Amino acid sequence: MTPIQTTKMSNFRWVICALLFLATTVNYMDRQVLSLTWKDFIAVDFHWTDADYGLITGAFSLFYAVANLFAGKFIDWMGTKKGYLIAIFVWSLGACLHAGCGWVAMETQGYSSVAELGQLTGDAAVAIATISVWLFLSCRLILAVGEAGNFPAAIKATAEYFPKKDRAFSTSIFNSGASVGALAAPATIPLLARAWGWEMAFIIIGALGFVWMGLWAWLYEKPRQNKRVNQAELNYIEQDNDLADVQNRDVVREEKTIPFWQCFTFKQTWSFLVGKFMTDGVWWFFLFWAPAYFSDQYGYTSDSGMGIALIFTLYAIVTVLSIGGGYLPKYFVEKRGMNPYLGRMRAMFIFACFPVLGLLAQPLGVYSAWWPAILIGLLGAGHQAWSANLFSTVGDMFPKSTIGTLVGLGTMAGGIGSMSINYGSGIFFKWAAEQGSAFSFFGFDGKPAAYMVVFCICAVAYLIGWFIMKALVPKYKPVIAE
């Protein structure tokens, strides 16, 4: 029975959602510092090629994937509050350490300044490129280990603070931090790099995570222990519990945790893994390569007015449109009477159609750079809406005690997909540029042809992923821990 509410419901769950949004924003800004500085700043100092950058981004994705194998279980073990604090401390430290790579390379090779490195030629330039790549790989490893904890902790916090019917919307809000971070980054990072050097860009953006830690330590407790959550809000949060007496929640039995290896015996697990593997790499590809794309294809460097405007517009479209990703399944559930999983899958099919617009980005780009910026923005908005609902399917089908583990596994699968597309793209772009007119695809030659190939892969990945997911789990079937 539902208790009669005599006091106005507090809304502290949205404060928690705002903290998750801020953490995800910082997460993506830390991740994007490199993509916005490598082509026009770092590569100049260290003589990097596309293949070098592809190796670094691909390795980061691999590190991230492996770390996620353990991150979810770590969050479930440590708890949401402590686990999140540790995760953001590690990734913020890793972000700041990037700033020291130039100094270490200079000292180990016996040069007097980082600026001197950019003047090297021949074997000396190759040596600096090699050692600098390894130094950045070390920092990306630390960054990846910490960042792996973000989504397992955030999804777990969402499951603790929101009923099922609101999770897709709340997830879409905090998940939009990815696009807001990607939106804020081009407006700030290249300017920081130009004014104070690329090293300070890493330090300033990385330090934001330490500020967030103070807010999280101060404000977060589980809903039942949080003095800022009144009984009316607690009843709302826990409305999914099938209890005869909602006033006696203190005696509720803790859910059993599904053993790690047993998770792989469920089709629901494989459905989530496929969805992440097929689509996460698309988002990461554009996150890592979009600034270089506009620099390569149109000559707009990341710190130029036009370069900043293009990337800003791209992520502005993503930010504005992706927040609506949580409304559509809510409409299907509340207005059309579907169960949460069915409503989510219906919405995800619609969102999977957005990336098909990516097929037009390169062809229309011959007329103006604004076309790929707009179309990639629409593709990214579709991804973010898709991703918010994909994460929420875990809460629909698995007990709360296992959510962190499942999200970690899914993010691992996404990291593997991202490693494949980013590392492969770096090698592919370098090869295509060397081939020139000898390599053609859909009317494009050389490196533009290579971009067209990758855009085509990105455009169809979501629909393929959706059909595989639907085949694995055709209808709602929750997993019960025994």
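**Ground rules.** I am working with a predicted model, in which local features need pLDDT of at least 70 and side-chain atom pairs count only at pLDDT 80 or more, while totals for chains, interfaces and linings use all residues. Residues are numbered from 1 along each chain as its sequence is written, and side-chain values use heavy atoms, with hydrogens and water left out.

**Aromatic pairs.** How many aromatic pairs does the structure hold? I found 51. For the count, rings of Phe, Tyr and Trp (its six-membered ring) pair if their centres lie within 6.5 Å; planes under 30 degrees apart are stacked, over 60 edge-to-face, and the rest tilted. I looked up Phe46 and Trp198, an edge-to-face pair with 5.9 Å from centre to centre and 75° between the planes. This pair links distant parts of the chain, with Phe46 in helix α1 (residues 12-46) and Trp198 in helix α9 (residues 198-219), 152 residues apart. Helices here are DSSP runs (H or I, at least four residues), numbered from the N terminus. Phe46 has 0% relative accessibility, so I noted it as buried; Trp198 is buried too, at 3%. My cut-offs are under 20% relative accessible area for buried, over 50% for exposed, and partly exposed in between (1.4 Å probe, protein chains only).

I then took Phe351 and Phe354, whose centres are 6.5 Å apart with the planes at 70°, so this pair is edge-to-face. Phe351 is buried at 7% relative accessibility, whereas Phe354 is partly exposed at 30%.

**A charge over rings.** Over which ring does the charged end of Arg31 sit at 4.5 Å from the centre? That is the ring of Tyr28. The charged end of Arg31 also sits over the ring of Tyr64, 4.9 Å from its centre. To qualify, NZ of Lys or CZ of Arg must be within 6 Å of the ring centre and within 35 degrees of the ring normal.

**The core.** The largest nonpolar core has 146 residues, and Trp48, Phe136 and Phe285 touch the most other members. Such a core is a set of buried Ala, Val, Leu, Ile, Met, Phe, Trp, Tyr and Cys residues joined through side-chain atoms within 4.5 Å. Its largest share, 17 residues, comes from α1. Residues that Trp48 touches (heavy atoms within 4.5 Å) include Trp38, Ile56, Val133 and Phe136.

**Trp91.** I placed Trp91 in helix α3 (residues 80-97), and Trp91 is buried at 0% relative accessible area. Its C-alpha is 8.3 Å from that of Asp30, 61 residues apart along the chain. Asp30 is also one of the residues that Trp91 touches, and Ile142 and Glu147 are among the others.

**Asp50.** Is Asp50 buried or exposed? Asp50 counts as buried, at 9% relative accessibility, and sits in helix α2 (residues 50-78). The side chains of Asp50 and Lys447 are joined by a polar contact of 2.3 Å. That term means a pair of N or O atoms within 3.5 Å; within protein, one must be able to donate a hydrogen and the other to accept it, and residues adjacent in sequence count only if both atoms are side-chain atoms. Contacts of Asp50 include Lys39, Trp289, Asp296 and Lys430.

**Helix α12.** Last, I looked at what covers the buried residues of α12, and the list includes α1, α8 (164-196), α11 (267-298) and α16 (370-397). Those buried residues include Gly307, Leu314, Tyr315 and Ser322.

Conventions
Helix = DSSP H or I, 4+ residues; strand = E, 2+ residues; numbered from the N terminus. Lists of a residue's contacts leave out its neighbours within four places in sequence.
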